[in-house]
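Here is a short report on one protein chain. Keep the sequence and the model open as you read.

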Amino acid sequence: MASTSPVDSAHSAPPPAGHGRVSKPGIAAVLVTVVLWASAFVGIRAIGPNFSPGSLTLGRLAVAAVVLGALVLPQLRKGKALPHGREWWPILGYGVMWFGGYNVALNAAEHLLDAGTAALLINVNPILVAIMAGLVLREGFPRWLIIGSLVAFGGVALIALGSGPSSGERSTADVAGVLLCLLAAVLAAVSVIIQKPVLRKVPAAQATWFGIMVGAICCLPFAGQLVSEVQAAPASATWGLVYLGVFPTAIAFTTWAYALSLIEAGKLAATTYLVPGTTILISWLLLSEVPSVWGLAGGAVCLVGVGLTRRRA
């Protein structure tokens, strides 16, 4: 399985990120992350009618905690040093924002948006990561970053325009859904910047599992909702929830963390430009969903914008 190598490699302390050529396990980790995260947008959309945003998040994180815990706990029992003192603060930060807040916001957004449009909007995230990486992590702040950011936000405005009453009987982009996606993008971007320094000391699998556990604890108020919704949901929806917990969460977030330990945050975020196109393809094949003309046009402008951010002066 493609994800085995980067996940297993996460047991050892990750090497520092550098400017050299990325290793084959690092490239594999990126590819696994892109494909599984793309499938998550479709999975959330497919089972969304059976689960509310909070219970879906808790169920997904609970499954991921069990699966990844089976990998991490034996390592901790062998004497792996736990974070201590202030080292827990960034873990708590991205656990609450990324695994908790991001997932709830995205789940809520996909009650209003189709999977492809949601993925296109979340694609603002690489721009935010690049800006914050330049400021906080000092990875550089070229002028093309500003130009590309303005172009990409113009694309977001086009997608939001498709949410008006004139866009048709049933718009694929609702204003509330757009705002929820943008909130999710901000939470994810801040979390990437917070997580990057953690990976210098904590292996990827452990850093991911700690974050999942924090997010799950934050979502415990939705436990009663989750139990009742699982009882009422068809078996296919329950298995879909299990899929989201195992693959896009336990595996993909670990392969992402592993890749982040090897690659600069801004450059790694650029690889997620591939997620919207992959999502639209999967959504079209499985759900027969295609974004509106405004959504496609705005998404294309977003991709042009994020492409400009990668230009060199």
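## Overall build

Buried residues make up 52% of the 313 residues in the chain. Buried means under 20% relative accessible area, exposed over 50%, and partly exposed in between (1.4 Å probe, protein chains only). This is a predicted model, in which local features need pLDDT of at least 70, side-chain atom pairs count only at pLDDT 80 or more, and totals for chains, interfaces and linings use all residues. Numbering starts from 1 along each chain as its sequence is written, and side-chain values use heavy atoms, with hydrogens and water left out.

The secondary structure comes to 14 helices and zero strands. Helices (H or I, at least four residues) and strands (E, at least two) are DSSP runs, numbered from the N terminus. Contact means heavy atoms within 4.5 Å. Among contacts between residues at least 6 apart in sequence, 89% join residues at least 24 apart.

## Confidence

The mean pLDDT (the predictor's confidence in each residue, from 0 to 100) is 82, and 84% of the residues reach 70 or more. Confidence is lowest in helix 1 (residues 4-9), at a mean of 42. Helix 10 (residues 223-232) has the highest, at 97. Over residues 1-20 the pLDDT is below 50, yet this stretch has 40 contacts in the model beyond near neighbours in sequence. Residues 164-170 also stay under 50, and there the model has two contacts beyond four places in sequence.

## The cavity

On a 1 Å grid over the protein atoms alone, a cavity is a set of points where a 1.4 Å probe fits but cannot get out; lining residues have an atom within 4 Å of a point. Grid points are joined across faces, edges and corners, and a volume is the space filled by probe spheres set on the points. The count comes to one cavity of 30 Å³ or more. The largest cavity has a volume of about 250 Å³. Its lining has 21 residues, and Trp37, Phe41, Tyr102, Ile122 and Val275 lie nearest its centre. The lining divides into 16 nonpolar, four polar and one charged. Here Ala, Val, Leu, Ile, Met, Phe, Trp, Tyr, Cys and Pro count as nonpolar, Asp, Glu, Lys and Arg as charged, and the others, Gly among them, as polar.

Several helices each supply at least two lining residues, among them helix 4 and helix 6 (125-135). Helix 6 is mostly covered, with eight of its eleven residues buried. Asn125, Pro126 and Ile127 are among them.

| Residue | Relative accessible area | State |
|---|---|---|
| Asparagine 103 | 1% | buried |
| Alanine 105 | 5% | buried |
| Glutamate 87 | 25% | partly exposed |
| Lysine 201 | 61% | exposed |

Asparagine 103 lies in helix 4. Leaving aside neighbours within four places in sequence, asparagine 103 is in contact with Thr57, Arg60, Leu61 and Trp98. Alanine 105 is also in helix 4. With neighbours set aside in that way, alanine 105 is in contact with Leu180, Leu183 and Ala184.

What links lysine 201 and glutamate 87? Their side chains meet in a salt bridge (3.3 Å, N to O). The pair links distant parts of the chain, 114 residues apart. Lysine 201 sits in the loop between helix 8 (175-198) and helix 9 (204-218). Glutamate 87 sits in the loop between helix 3 (53-77) and helix 4 (88-109). A salt bridge is a side-chain nitrogen of Lys or Arg within 4 Å of a carboxyl oxygen of Asp or Glu. A search of the whole structure finds one.

Key:
1 Å grid on protein atoms, 1.4 Å probe; cavity = no way out; pocket = protein on both sides within 12 Å on 5 of 7 lines; lining within 4 Å.
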